[in-house]
Structure formats: C-alpha cells, structure tokens
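Dear colleague,

Please find below the structure we discussed handing over. My notes on it follow directly after.

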Amino acid sequence: VQLVESGGGVVQAGGSLRLSCAVSGSFFSIYTMGWYRQAPGKQRELVASITDRNKSRYGDSVKGRITISADTYKGTVSLQMSSLKPEDTAVYSCYADMASSFFHRDDYWGQGTQVSVSS
C-alpha cells in the first residue's frame with residue numbers, strides 16, 4: 001500500500017495550488033488522512049487533517065487559506081491552497097491512519113511533493 005501525491009510546483013505569492021493524494025493498493029479502512037509540511041531548517045508541522053467522520057483540523061498558520069477534503073472510502077485526499085505566501089514553501093507530505101487489513105493499522109506516508117511560493 002502506498003500514498004501517491006500530485007500537484008506540487010512553483011506559484012507566485014497570492015496564488016493558488018491544489019495537492020492531491022491517493023492510496024494505491026487495497027486497504028481495509030481509513031480513519032484519518034491529512035498533510036504535513038516541512039521547510040528547510042524547520043520542524044514538520046500539521047497543515048490539515050480530516051477524519052472518516054469528516055472532522056477537519058487545520059494548522060494555525062494556514063487557517064482560512066487552506067481547505068482539506070477527502071473520500072476515505074476511496075482513499076483520496078485533496079488540499080486546496082489559496083493566498084499562498086513565501087513562508088508556505090515546504091515539502092508537503094500526505095499521510096493516512098489506515099488499516100491495510102483487519103489485523104494491521106498504521107500510519108502511511110507519501111513521498112512528499114515540493115511547493116515553492118515566490119515573492
């Protein structure tokens with residue numbers, strides 16, 4: 001089971017970008033999906049997450065500018081980002097709290113996608 005991300009790139013400040021992530025392979029159940037990011041020299045931080053009951057959570061630095069949506073039955077999650085700032089530049093990684101089988105539940109991570117915001 002893998003998480004496959006797409007949608008990163010370079011955008012000007014004030015612009016928008018959409019990140020997508022999909023589970024590749026079969027799984028039993030997904031409980032939470034979301035995104036973290038890590039900028040050079042900084043700690044990894046939560047961008048947004050969403051549960052299978054559609055409860056979302058956002059990092060303080062992105063509230064009001066980012067919207068997360070997911071279909072946990074299909075294993076897909078998207079991040080719509082707007083009003084991007086240079087400080088949003090980071091590697092964005094998708095994750096899923098997922099049961100790959102009835103007996104195994106773990107956190108799964110994507111390979112990361114670069115988002116660069118130019119001033």
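**Findings**

Of the chain's 119 residues, 40% count as buried. Please bear in mind that this is a predicted model, and that the values here are computed from it.

Regarding the overall fold, the chain contains 0 helices and 11 strands. Read from the N terminus, its elements therefore run β-β-β-β-β-β-β-β-β-β-β. The chain is as compact as a globular protein of its length, because its radius of gyration of 14 Å is close to the 14 Å that the globule rule gives for 119 residues. The C-alpha trace spans about 50 × 25 × 20 Å along its principal axes.

As to contacts and surface, 55% of the contacts between residues at least 6 apart in sequence join residues at least 24 apart. The chain exposes about 6600 Å², and carbon and sulfur atoms supply 46% of that area.

An open sheet of 4 strands is arranged in the order β1-β3-β8-β7, and its pairing is antiparallel. Its edge strands are β1, residues 2–6, and β7, residues 66–71, each of which pairs on one side only. Neighbouring strands of this sheet are turned against each other by 15° on average, direction ignored. In general, the strands of a sheet pair through backbone hydrogen bonds.

Within this sheet, β1 and β3 (residues 17–24) run antiparallel and are joined by 5 bridges. Where the two strands meet, Leu 3 has Val 23 in β3 as its bridge partner.

With kind regards

Key: Residues are numbered from 1 along each chain as its sequence is written. This is a predicted model: local features need pLDDT of at least 70, side-chain atom pairs count only at pLDDT 80 or more; totals for chains, interfaces and linings use all residues. Side-chain values use heavy atoms; hydrogens and water are left out. Two strands pair if DSSP finds at least two bridges between them. Axes are lines fitted to C-alpha atoms, for helices over the stretch in contact, and angles run from 0 to 180 degrees between N-to-C directions. The radius of gyration is taken over C-alpha atoms; the globule rule is 2.2 Å times the number of residues to the power 0.38. Buried means under 20% relative accessible area, exposed over 50%, partly exposed in between (1.4 Å probe, protein chains only). Contact means heavy atoms within 4.5 Å. Accessible areas come from the Shrake-Rupley method with a 1.4 Å probe; for residues, only the protein chains shown count as cover.
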